[in-house]
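Let's take a walk through a protein and look at its greasy surface and its aromatic rings. Keep the 3D view open while you read.

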Amino acid sequence: MIRAHLFLRLLRRLFPYWKLLLLALFAMAVMAATLASLPILIKQILESTFIDKDQSLMQTASLAIIVIFMIRGIAGYISISTANKAVGKLGIDLRMAFFNKLLTLPVNHYSHLNKNNEIDTLISNINQISQSTSRYITVITQDSLTIIGLIICTLYLNQEFSLLLLLVTSFVILVTQMTHSHLSRPDQKSLLASKNLIQHLLQSIAHNRKIRIDGGQMYESQRLGKISETIYHAEMQQATVSAIAIPASQIITALILTAVIYMAALQVINDALNLHEVGALVSVVLLLIMPIQRIAGIPKQLAHDQKFLETIFSFLDQVSEQDAGVISIPHVSGKLVFEQMRFCSDAQATPILNYINFTVKPGEVTVFTGYTAGEKNALINLILHLQQPTSGRILLDDHPLSDIQLNNLHANIAIVTEDDYLLDEKIAGNIAYGTMRCANEAKITTAAHASHAMEFIRHMPSGLQTQIGKGGTTINKQQFRQLAIARALVKNAPILILDEIPAHEESNSGNLLSVLEKLMQNRTTLIFNQFIPQLKKIDRIVVLKNGCITESLKGPNHS
């Protein structure tokens with residue numbers, strides 16, 4: 001059963017592009033009118049031929065038929081290109097709605113989001129719906145107008161069927177099949193762009209915490225929007241091919257029809273065949289065959305595409321993360337209190353974190369060790385308020401995290417991780433990312449010097465504006481870390497989270513540790529490491545095991 005409300009919802013998304021659709025409708029009306037006038041012109045040709053037997057008049061009329069189809073071809077190009085442009089915009093709208101929903105989902109959705117290739121399926125479904133919508137507009141509107149026009153023409157002519165229909169129909173079907181075979185070939189550019197889009201989406205999901213904490217949702221949405229426009233341009237190229245191929249096939253059909261009528265008319269002139277208005281009816285029936293077939297196939301196509309729409313709108317209807325915070329703290333002191341905090345996951349029965357109970361004073365350096373990856377990620381997500389404790393609570397400056405506005409909380413926390421994910425294509429964009437993009441070049445340069453990143457930046461082709469990563473200059477893992485430290489320096493948040501800092505034994509790690517120590521000064525610092533880093537200041541060592549704090553020790557160099 002076809003669920004009409006899904007397609008009505010899709011049509012509402014097309015409404016902003018009504019000007020393009022109105023132009024396409026006008027062009028389709030011109031196409032229907034030219035096609036409906038053709039049988040009447042054929043009738044007049046045959047009558048003039050029988051009465052006058054004037055070969056020059058017949059040739060002129062034949063040329064007129066070709067001119068009519070040329071006009072129809074131009075109108076066809078306009079209708080197909082404008083309709084596809086509107087539908088292409090619809091595709092961008094659906095993809096942007098998908099991106100924005102993806103970036104605002106609760107963080108626990110990301111752990112299972114791409115199971116069974118869910119993201120791949122959603123992007124594929126959006127592409128499929130975009131292509132199908134263009135086909136529906138053409139078939140339902142253009143073919144309906146054509147059928148109405150030809151029915152009116154048939155009533156006017158009141159003629160009977162002719163065997164000549166069989167000959168012409170076979171040629172038309174052959175041309176149609178050849179055209180559809182060519183247009184059904186997959187567009188390689190669109191496929192490559194879709195793969196690139198999926199790759200960037202997966203990266204955004206994998207690094208959603210870093211993106212959110214630095215306020216980069218808007219930038220990620222814009223970057224993914226640019227990739228979506230690449231798909232749009234690839235679709236437009238394919239649409240241009242369609243806009244040329246379909247009118248061309250129609251012109252070929254017109255030439256076949258004209259040639260058949262011309263041969264029949266010659267036989268009439270030579271008294272070999274007595275035809276009257278039969279030819280006009282033949283053309284009417286011939287022109288009715290394909291539109292009727294396409295209209296008849298619409299219900300099946302709607303039923304097929306309905307499941308794609310259900311998947312898309314089901315995802316878009318998911319509830320986004322709600323920020324219930326009401327308190328805004330411009331600058332926190334950095335006091336963190338964990339009160340009997342427990343955290344359980346739906347995926348496992350035993351708690352991931354169990355009755356965590358301790359206090360971090362402002363400016364303290366606390367090292368967490370002994371944890372599992374799940375325990376570490378859960379604790380960081382809870383501090384960032386990307387997940388909620390099952391019981392207990394976390395306080396920041398004596399305010400429950402749930403009462404603090406999420407953007408305000410994230411503005412007071414910086415995070416440096418060990419991964420090598422680029423947040424921007426340029427070095428400056430990686431340092432001043434998300435909400436920090438308003439930072440001036442002097443501030444960025446100062447942070448780059450402080451993190452020692454300027455040591456490699458000055459050797460780059462365009463300095464801070466150098467493109468790095470895929471398609472640009474490559475950088476190593478240590479340079480990634482230096483950029484992350486520079487980003488934290490620009491943010492200048494009172495709370496710092498260091499996720500897996502390098503061992504002292506690693507090459508050049510001593511230099512990096514000294515940079516980190518400068519970054520940690522006067523900040524509440526939470527370090528997650530499986531070993532105790534060789535830092536000058538460590539106030540407390542917290543050992544996590546089986547979700548519980550088994551030890552909470554004073555740091556080895558704590559006074």
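This is a predicted model: local features need pLDDT of at least 70, side-chain atom pairs count only at pLDDT 80 or more; totals for chains, interfaces and linings use all residues.

Residues are numbered from 1 along each chain as its sequence is written, and side-chain values use heavy atoms, with hydrogens and water left out.

**The nonpolar patch**

Leu23, Phe26, Ile74, Tyr77, Ile78 and Ile244 make a nonpolar surface patch of about 590 Å². Patch residues have over 30% relative accessible area and no salt bridge, and nonpolar side chains (Val, Leu, Ile, Met, Phe, Trp, Tyr) are joined within 5 Å, like charges within 9 Å. A salt bridge, by the way, is a side-chain nitrogen of Lys or Arg within 4 Å of a carboxyl oxygen of Asp or Glu. The areas come from the Shrake-Rupley method with a 1.4 Å probe, and for residues only the protein chains shown count as cover.

Helix 3 (55-104) and helix 2 (18-52) each bring at least two residues to the patch, and helix 3 gives the largest share, with 3 residues. Helices are DSSP runs (H or I, at least four residues), numbered from the N terminus. Isoleucine 244 sits in helix 8 (residues 217-269) and is exposed at 52% relative accessible area. Exposed means over 50%, buried under 20%, and partly exposed in between (1.4 Å probe, protein chains only).

**The aromatic pairs**

You'll find 8 aromatic pairs in the structure. Rings of Phe, Tyr and Trp (its six-membered ring) pair if their centres lie within 6.5 Å; planes under 30 degrees apart are stacked, over 60 edge-to-face, and the rest tilted. Two edge-to-face pairs are worth a look:

| Pair | Centres apart | Angle of planes |
|---|---|---|
| Phenylalanine 7 and tyrosine 136 | 6.5 Å | 80 degrees |
| Tyrosine 219 and tyrosine 433 | 5.6 Å | 80 degrees |

Phenylalanine 7 is in helix 1 (residues 4-14) and tyrosine 136 in helix 4 (residues 118-157), 129 residues apart. Phenylalanine 7 is buried at 13% relative accessibility, and tyrosine 136 is buried at 9%.

What does the other pair tie together? Tyrosine 219 lies in helix 8 and tyrosine 433 in the loop between helix 12 (427-431) and helix 13 (441-450), so the pair ties together parts 214 residues apart in sequence. Tyrosine 219 and tyrosine 433 are both buried.

Ring pairs also join Phe338, Phe358, Phe368, Tyr371 and Phe528 into a cluster.

**Charges over rings**

The charged end of arginine 135 sits over the ring of tyrosine 136, 5.8 Å from its centre. Lysine 307 lies over the face of phenylalanine 308, 4.7 Å from the ring centre. To count, NZ of Lys or CZ of Arg must be within 6 Å of the ring centre and within 35 degrees of the ring normal.
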